[in-house]
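Welcome! Please take a moment to look over the sequence and the structure, and then we will walk through them together.

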Amino acid sequence: MTDDTQQVSSARLLDRSDERVKHADKLGNTISAFVDRVRSGDLGSLPVVVGLIVICTAFESLNPVFLAPNNLVNLLFDCSTVGVISLGIVCILMVGEIDLSVGSVSGFASALVGVLWVSQDWPVAVAIVTALALGAAIGALYAFLFNRLGMPSFVSTLAGLLGWLGLQLYLLGSSGSINLPYGSPLVSFGQMLVMPPIVSYVLAAAASLVMFVTGYRTAARRRQAGLSASSPGRMMLKALLVTIVLEFVVYYLNLGRGIPWMFGLFVGLCMVMNYALTRTKWGRSMSAVGGNREAARRAGINVRRVYLTAFVLCSTLAAAGGILAAARLASSSQQAGTGDVNLNAIAAAVIGGTSLFGGRGSAYSALLGVIVIQSIASGLTLLDLSSSLRYMITGAVLAIAVIVDSLARRSRLSHGRA
């Protein structure tokens, strides 16, 4: 081997060594940045994901049926109704307010659909649109009381909780319930309809593609502004990993009945809401108003309009959740929207990571939080344990979530990231 050949080989080895060092440095910087975000209180969805893994592991060890495909499919059906209501709670918590009447609004919408469709022979589509419109009107009423009269949302929605429950009982009358036509499209949607396997695989891949495209565009805008941004290779790797995970989940669920269309609707609403909250002027205004109302007003944001949209969305989604619940049970009854529906919807948003202090939250927190709550309910049901344990465990998880949120907020304040 000549001296020139040896020099070329040595140079190649040095280049490869430098590349390994650079990759190691990039990996180390990524890990260090993640640790810094966690220490500064920017936890994201980490606590709820860890909690969900612990819950699933515990229940699967106690009863192997818990992670069976068909049980997970039933769990997704049950998640959809409360999840849609919880998505509205995310909106109202983002601006630092609360709606205690979502359960009653959902029950009222359920009763209204039953009365108009079955008793009054209205077309089902017209009955659904009417219920959603009244849900929006209820939210507009709350916004008027808050914006114009200064009534705290806690008081106005507490009054609504009682008032809409009374109206629900009045509509249903002495019979107490109305059975919806079994086999109708609405009931089939709530009980039986699942996606064809090929559709579920395509939608899972499309979700990953959308995540990559939006991330790439955001990174391009940050580079143009002279800010740091993720590399295309890193984003592609992240999208690939998400695709693999989603496709495996879809494959596993298709071993059973498949993915419910109702759950697909819920996830679609989460995606639309996430886009609105993170990539529109309205979403930035929501965060600004929730973070500091007076500062947002001085910045030129129409604060009253933001509150109006938050209240209207919350009540409309509550009505939608009530309609889906009626489809799931094939009936409109006096029990609809009562019991733990109200608290589960609020708990799901908080457990999923939406702050009670306003200004911070994600549409996906409703998705993650309701899966946690329904997982606890499903696991305890399979173990044939009393509902008292479900209430106690859910309450403990909610308390832990609020404690984590409070500590994270304190950490963000100390690090100047509030």
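Predicted model: local features only at pLDDT ≥ 70, side-chain atom pairs only at ≥ 80, totals over all residues.

Let us begin with the overall picture. How many helices and strands does the protein chain have? The secondary structure comes to 16 helices and two strands. The chain has 418 residues, and 40% of them count as buried. Its accessible surface comes to about 21400 Å², and carbon and sulfur atoms make up 66% of that surface. If we take the contacts with a separation of 6 or more, 80% of them join residues 24 or more positions apart.

Next, let us visit the surface. Which residues gather in a patch of positive charge there? They are Arg217, Arg221, Arg279, Lys281, Arg284 and Arg305. Two helices each supply at least two residues of this patch: helix 8, which runs over residues 197–224, and helix 11, which covers 281–291. Lys281 counts as exposed because its relative accessible area is 66%, and the cut-off for exposed is over 50%.

Now turn to a residue with the opposite setting. Find helix 15, residues 363–382, and look for Ser375 within it. Is Ser375 buried or exposed? Its relative accessibility is 2%, so Ser375 counts as buried; the cut-off for buried is under 20%. What does Ser375 touch? Leaving aside residues up to four places away in sequence, its contacts are Leu52, Ile55, Phe59, Phe66 and Leu75.

Our last stop is a pair of loop residues with a positive phi angle. One is Asp121, which sits in the loop that links helix 4 (102–119) with helix 5 (124–147). Asp121 is not a glycine, yet its phi is positive, near 60°. The other is Ala330, found in the loop between helix 13 (303–329) and strand 2 (331–333). Ala330 is not a glycine either, and its phi is also positive, at about 60°.

Ala330 has a relative accessible area of 11%, so Ala330 counts as buried.

Note on methods
Residues numbered from 1 in each chain as written. Heavy atoms only, no water. Patch = residues over 30% accessible without salt bridge, like charges linked within 9 Å, V, L, I, M, F, W, Y side chains within 5 Å. Areas by Shrake-Rupley, 256 points an atom, 1.4 Å probe, with all protein chains shown as cover. Salt bridge = Lys/Arg side-chain N within 4 Å of Asp/Glu carboxyl O. Lys, Arg positive; Asp, Glu negative; His and termini not counted. Charge placed at Lys NZ, Arg CZ, Asp CG, Glu CD. Helix = DSSP H or I, 4+ residues; strand = E, 2+ residues; numbered from the N terminus. Buried < 20%, exposed > 50% of the residue type's maximum accessible area, 1.4 Å probe, protein only. Contact = heavy atoms within 4.5 Å.
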